[in-house]
Every structure is written in C-alpha cells, then in structure tokens.
Amino acid sequence: MVFGGPAGTGFRPRRARTAVACLTLLLAVAIAMFMTYDLKGSLDYALELRGRKVLGMALVGFAVAYSSVLFHTATHNRILTPSLMGFDSLYVLIQTLAAYFLGTAAFLQIDVRLRFGFEVLAMLGFAALLYRWLIGRGERDVYVLVLVGVILGTMFTSLTELVMRMIDPNEFTRLQDRLFANFSTVNQDLLVISAVCVALVTALSWPLFGRLDVVALGREQATNLGVDHERLVSRALLIVAILVSVSTALVGPVAFLGLLVANLSYQLTGTFRHRYTVPVAGLLGMVALIGGQFVLQEFLNFQTRLSIIISFAGGIYFIFLLYREANR
Amino acid sequence: MIEIENVTRRYGTTTVVDGVSLSIPVGGVTALVGANGAGKSTLLSIIGRILRPDAGTVRVDGLDVAATPGATLARRLSILRQENQVAVRITVRELVEFGRFPHSGGRLTREDVAHVNRAIEYLQLEPYADRPLDRLSGGQRQLAFIAMVLCQDTGYMLLDEPLNNLDMRHSAQTMGLIRQMAQDLGKTIIVVIHDINFAACHADRIVAMKDGRIVADGAPREIVTPETIKAVFGIDVPVHEVDGRPLAMYFA
Ligand SMILES: Nc1ncnc2c1ncn2[C@@H]1O[C@H](COP(=O)(O)OP(=O)(O)OP(=O)(O)O)[C@@H](O)[C@H]1O
Ligand SMILES: [Mg+2]
C-alpha cells in the first residue's frame, strides 16, 4: 500500500505504469528510427528537417489525444470527440471560404503566423460562443451541447460543399491539399508557437486531474464530493478548444485519431484516472503519428496519406465501439 | 443545525416541493416519510445542493448551501441519492476512497486509509472490496455507496432510501449503524425511508410529506398512529404495541 499516491490503494496502477513504460520505449524507438533511418546528404539539414516533423507530429498526437480524453470526461461519453463538435468541419470551411474570397495563392501568401493566429482565433471564438450560449444557461445539459455541435458540423460541411461548387477547379485542387493533415510542411515559427501553447495549457491543467476523476463519477456525485462540476466541465472544454484549434491549424484535421487513442488508453490502463489515461493516450497518439509516418514514407513511398489511414482505422474502430455499446 | 426556509421547487407548472420550512437540530436521526412522488427526494436533493430550489434557502451551520463553496460543504454534509450509478468502471474500494476526496483532495493519508478500511469493515464489504461495481448485486452495490458516504465522515448525512435493495439482515444492520452514528458520534442524519416501522424503531423524529408539503412532524409515537397514517398515505392501518414500540400492520 502506497501512501501519498493517488487515491487508489484499491486500484492497482501497475498495469497503467507498465503501459506508460512500454509506450515511452516504443516512442523513443519510433523517434530514433524516424530521425536516423537512411540519412543522406547534409546531415545537419536532414536532421533539422526531420526533427521539425517529429516535433510537429508529437505535438499534434499529444494535443489530439489529451483533448479527446478531456472531452470524454466532460461529456460523460467515450464515443464522441471534439471533431464531432464541428471543429474539423469549421477548419475546412475557413479554408474553403478563404480560397473562395482570396484565392488559395493569395491566402497562402499571407504571413503564416497571421494566418495561424486567425485560424486559431476563429475556432476558439466558435467554441467560446457555443459554450457560452449553451453552458451559460441554467440547466447545463452537455448532451445538448454535443447535439448542437453535430448539427453545426453538418451545417459547416454543407456550407463548404456549397462554396466548393462555386470555386475554380484549379483552386479546388490546391485547396484539397490543405484539407488533410499534412506533416511534411510544418512551418517552424508555428511549431514554436504551438509547442508553447500546448505546453502551457498542459502545465496549467495537469493539477486538475484529481478533480476531473471526480467529475467522471457524474454531476451529482461530484457535487456531493465538493467538486464544482460545471466549472470543471467548462474549463475542460476550454482546454479542449485550445488544443484542438492549435493542432488543427498546425497540420489540419486528423479525425478519429483522438477517438482511437483515447479508447485504446482506457483499455490498456484499465482505469479512468486522468493521471494514467492522459499520458498513455498522449504516448499512443505520438507513436501512431511518428511510427505511422515512418512506415509510410520509408516502406510505402508515400503511396497514401497517414491521415487517410488513421481515418480508415479510426472509422472501423468507431463502428466497433458503437457495436459494443449497442450490445451491452 | 439545518434550517430550511420556504423551499419551493417546480417542474413546469407542478409544484413538487411547496414552501417547506423545517429546522433540524444537531444530533439524532430524522426519518422523512411519504408516498411515492411526495417530494422527499427533491427536498433532500435541495438540502444537499444537488438541485436548486426555485425559492427559499437552506442553511447548514448557518452556511447557505447555494452560496457556500462546494468543497467547504462537502466536509460538513454528504448525500446518498436514491439512484446511484457511475459511468466508469470502478472497484468498491476505489469508490469508498473517493469519500475522502473532500478531506484530502485525492491523496490518501494514513488517516484516510483507516477511514476507508473502517467503512468497508462496517458494511462487511471485505469479500468484494476489489471487485468492480458492475460485477456486484444490487444490494452489494448499495452497501458500497453507503460505505462511501460513511467514509466522507461528515457531521450531516442525507440518506435517500439507504435500504434500497437490502435484505432483512442488512437493512436492520444499516439502520443500527445509522442510529449508532447519531448516538455515539453526534451525527445529524436525515433518512428517507418507506418502511414506517423501521422509522419508528430507529428514528428520533419522523417528518411526513404529502404533495410537497409537510403534513406531520413529531416523535415516532405521535406519528405512527392509524389517524396520521391515514392522513399521509390514505390507507387504514391498524397499529399495535410490540415490545413498547408502535408497529403498523400494513402488510395485509
Ligand atoms: N425531472 C423531473 N421533471 C418533472 N417532474 C419531476 C422530475 N423529478 C421529479 N419529478 C416529480 O416530482 C415529484 C416528487 O418527486 P420526488 O422524487 O421528490 O418524490 P419522492 O417523494 O422521492 O418519491 P419516491 O418515494 O418514489 O422516491 C414527483 O411527482 C415526480 O414525478
Ligand atoms: Mg425518492
């Protein structure tokens, strides 16, 4: 029995600790392989290029995983993810609108930092509006929030389709390129800004894990135990909004990755304690992106996009989860 | 002391708790009785600040429950709800440990562990302490939730039908435990209970509700009478004296 550990003498964290250790090792191997495999030409240049990619993927993998776990806790469900709240489709809509009004070329010529800031702000604004509007009213039913998110997502997608119909075919091809996650061309400045954002948000939210565990027990139980359920849920959703906005603006949507790694994390750790599920999900996200990208570029010669594979695998897993829920 | 002043709660146009005022001094067991839908759980939830009243205030030790920080209240007041389920997979011991959260914020001290072990022992949960809740019977699960509230170790305890799903032996033991805590530890306990005889046997005071109002309030001997039972539940029940206690024969 360990004193001063997490409230969990009944819960044995050994399994979760093993998962953290194994995944850390796996991540180290994946990074080492990615960085050193088949290095050619100028060593400095190649390493810097690859290092940037690795950092980008690690950031996105972690941010997506962390935000999905938080979203699951805040909404008391494990099947929906932030992308189902309309985030991904808003990103696509912003890109499409920009392409329509400015032309892709012009839009891409705007200072990347400015563009990034604009994208993040637009998505954060959307989230803030949504939460303020829904959470700001008496009974704060999070299912309504999700439902509205789904409806807005569908609306954004329809709007996008409408605008796409009116777009010049050349622009359309260039636009499509921006609508899938792209890890090969991450801008260095953005990388630094995003890294700072994610690190800051993570550091600020780590101390909430104990209270978030209580939130996972449900609103009434949390209230009885003295945890302000509504405040924590709003905070968790704010963190989700920041993480998702940053990662989407950085590389584009990676739908289903969060769902995949969060649920794998619950299965691997066998617990709902955030101090275990968040690190394991984060590690899984990083391993999936870095390892996946490595296999893709070294052995499959970029025959396909990583995000497409993730969407495919995640989609199948999503159906599996739905099937399992339905049979409970 | 719990002071309830003019508490009202409506759902749409129906008023389910209707201007209830009640004062409960420190120490002792108060039984809250009444027909299904009388508003007992609603009132208890309002006292336990799980539900907001539309009007009125509840003060516990002078603290307005609607305005006092949740963490402060959680060390003074605990509530066991009528329906308990958690969405996540959790073992009995883990659940009971959460009862210490208001005191230690998730990091168990030696004292917390002692509380947890005592609660598990009191409710005889040792055999299933490490089993997930979803692999227990209904009564075993109920005992686990009672253990958690016990572990919270607050001066005021609100228990909504703690005998749900419990067999004869566990019901009697649980009521015995409740009375013992009031007597030996000076706790103030409000318990919603359907069996009027359990109430008569273990409570110091019985408060009866009907249609959202308090219609009777007094010592068991004053409440468990054919007239009052008729007024509260609308049935004719003979009451006999057994071993110096009133016993309502409502079975037939
Ligand atoms: N969410 C709700 N919406 C509408 N009406 C409700 C809601 N919750 C409870 N009620 C109504 O409020 C009344 C009081 O309910 P409450 O749960 O307080 O009854 P109770 O005395 O605890 O009954 P029981 O003995 O069956 O537990 C009931 O008539 C019920 O139908
Ligand atoms: Mg009830």
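## A charged pair on chain B

B:D236 is exposed, with a relative accessible area of 64%; exposed means over 50%, buried means under 20%, and partly exposed lies in between (1.4 Å probe, protein chains only). This aspartate forms a salt bridge with B:K230, their closest N and O atoms being 3.6 Å apart. A salt bridge here is a side-chain nitrogen of Lys or Arg within 4 Å of a carboxyl oxygen of Asp or Glu. B:K230 is partly exposed, at 40% relative accessible area.

Before going on, a word about the model. It is a predicted one, in which local features need pLDDT of at least 70 and side-chain atom pairs count only at pLDDT 80 or more, while totals for chains, interfaces and linings use all residues. Residues are numbered from 1 along each chain as its sequence is written, chains are lettered from A and ligands numbered from 1 in the order in which they are written, and side-chain values use heavy atoms, with hydrogens and water left out.

Over all chains, the structure holds 16 salt bridges. One of them joins the side chains of A:D189 and A:R113, at 3.8 Å from N to O. A:D189 sits in helix 8 (residues 188–205) of chain A and A:R113 in helix 5 (residues 112–135) of chain A, so this pair ties together parts that are 76 residues apart in sequence. Helices (H or I, at least four residues) and strands (E, at least two) are DSSP runs, numbered from the N terminus. Both residues are partly exposed, A:D189 at 35% and A:R113 at 43%.

On chain B, B:D134 and B:R89 form a salt bridge, with 3.4 Å between the closest N and O atoms. B:D134 lies in the loop between helix 5 (110–122) and helix 6 (138–152) of chain B, and B:R89 in the loop between strand 6 and helix 3 of chain B, so the pair links parts 45 residues apart in sequence.

## Where the two chains meet

The contact takes 30 residues from chain A and 33 residues from chain B, where contact means heavy atoms within 4.5 Å. Together the chains bury about 2600 Å², 57% of it on carbon and sulfur atoms; buried area is the accessible area (1.4 Å probe) that two parts lose on being put together, summed over both.

Two salt bridges are found across this interface. The side chains of B:E94 and A:R273 meet in a salt bridge, at 2.9 Å from N to O. On the side of chain A that touches chain B, helix 9 (209–215) and helix 10 (219–224) of chain A are the elements that give two or more residues. Helix 10 of chain A gives the most, with five residues.

## The magnesium ion

Which protein donors does the magnesium ion (ligand 2) have? They are B:S41 (OG) and B:Q82 (OE1), lying 1.9 to 2.1 Å from the ion. Donors are N, O and S atoms within 2.8 Å of the metal (3.2 Å for Na, K and Ca), and water is not among the atoms, so sites may look incomplete. Both residues count as partly exposed, B:S41 at 23% relative accessibility and B:Q82 at 30%.

## A buried serine

A:S68 has its place in helix 2 (residues 43–75) of chain A. At 1% relative accessibility, A:S68 counts as buried. Leaving aside neighbours within four places in sequence, A:S68 is in contact with A:T81, A:P82, A:G258, A:L259 and A:A262.
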